[in-house]
Amino acid sequence: MKKIAVLGVGNILELDDGIAIYATKYLEENYTFEPKIDIVNGGVEGINLLNLFMEYDYILILDAIEIEDRPGAIYHIPSEKLTGYGLNSGGAHEIGVLQCFDILELMGRDLPESSVLGIVPKKIDVKIGLSKEMYTQFDTYIKKLLEIIEGFGIRVEAKEKHKSLNEVIEHFRDPQR
């Protein structure tokens with residue numbers, strides 16, 4: 001069985017840019033996976049994620065992506081087709097996920113299989129939370145994410161106690177709660 005990670009990247013301090021971070025926390029709180037997969041909050045770590053890319057056979061990257069489309073549009077893009085899709089292009093991400101692939105190639109290391117499940121943001125602003133459009137699309141984003149995971153032959157089971165998106169966001173506003 002492949003060693004699989006779901007990696008959320010983004011900045012919760014920049015409104016819709018944090019959607020992938022909320023999605024990873026939502027997965028951790030509400031689902032179990034068999035066989036186990038690792039769910040990683042990569043935040044704005046960028047190049048510091050390089051070791052992660054050496055440990056896994058497949059990485060599903062979650063991110064807000066800037067594509068000319070309506071806010072909330074969801075794309076599942078194989079990593080070899082990422083050029084030009086605006087993944088981690090600037091901002092707080094600095095040297096991002098794509099540069100990890102470049103460095104692995106320069107090191108002569110095998111690249112993990114990977115893809116991006118991206119969602120087009122409505123607004124990037126200094127604020128914790130999500131725009132109305134991202135709230136509306138969040139369940140669809142999670143459903144697509146779970147379909148991809150199940151496509152690997154992984155059994156997904158909802159936990160008895162369910163945390164809402166609002167509870168997940170509140171966790172980041174006040175981690176002591």
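The model is predicted, so local features need pLDDT of at least 70 and side-chain atom pairs count only at pLDDT 80 or more, while totals for chains, interfaces and linings use all residues. Residues are numbered from 1 along each chain as its sequence is written, and side-chain values use heavy atoms, with hydrogens and water left out.

A search of the whole structure finds eight salt bridges, a salt bridge being a side-chain nitrogen of Lys or Arg within 4 Å of a carboxyl oxygen of Asp or Glu. One of them joins Lys2 to Glu113, with the closest N and O atoms 2.5 Å apart. Helices (H or I, at least four residues) and strands (E, at least two) are DSSP runs, numbered from the N terminus. Glu113 has 43% relative accessibility and counts as partly exposed.

In the salt bridge between Lys36 and Asp38, the closest N and O atoms are 2.5 Å apart. Lys36 is exposed, at a relative accessible area of 63%, whereas Asp38 is partly exposed, at 22%. Lys123 and Asp125 form another salt bridge, with 3.6 Å between the closest N and O atoms. Both residues are partly exposed: Lys123 has a relative accessible area of 44% and Asp125 one of 34%. Salt bridges that share partners also join Lys25, Glu28, Glu29 and Lys163 into one network.

A pair of aromatic rings is described by the distance of the centres and the angle of the planes. Rings of Phe, Tyr and Trp (its six-membered ring) pair if their centres lie within 6.5 Å; planes under 30 degrees apart count as stacked, over 60 as edge-to-face and the rest as tilted. By this rule the count comes to four aromatic pairs. Tyr22 and Phe172 form an edge-to-face pair, at 5.5 Å centre to centre and 65° between the planes. This pair links distant parts of the chain, with Tyr22 in helix α1 (residues 19-30) and Phe172 in helix α5 (residues 165-173), 150 residues apart. Tyr22 and Phe172 are both buried.

The ring centres of Tyr26 and Phe138 are 5.2 Å apart and the planes stand at 85°, so this pair is also edge-to-face. Tyr26 lies in helix α1 and Phe138 in helix α4 (residues 132-150), so the pair ties together parts 112 residues apart in sequence. Tyr26 counts as buried at 6% relative accessibility, and Phe138 is buried with a relative accessible area of 1%. Ring pairs link Tyr26, Tyr31 and Phe138 into a cluster.

Helix α4 has 19 residues and reaches 28 Å from its first C-alpha to its last, close to the expected 27 Å; the expected span is 1.5 Å times one less than the number of residues. A kink of about 40° in α4 is centred on Phe138, the bend at a residue being the angle between axes fitted to the seven residues ending there and the seven starting there. The buried residues of α4 include Phe138, Tyr141, Ile142 and Leu145.

Ala23 lies in helix α1 and counts as buried at 0% relative accessibility. Contact means heavy atoms within 4.5 Å. Not counting residues up to four places away in sequence, Ala23 touches Leu62, Phe138, Tyr141 and Ile142. Ala23 and Leu145 are 122 residues apart in sequence and 9.1 Å apart in space, C-alpha to C-alpha.

Ser114 is placed in strand β6 and is buried, with a relative accessible area of 5%. Leaving aside neighbours within four places in sequence, Ser114 is in contact with Tyr58, Ile59, Pro78, Ser79 and Phe101.

Key
Buried means under 20% relative accessible area, exposed over 50%, partly exposed in between (1.4 Å probe, protein chains only).
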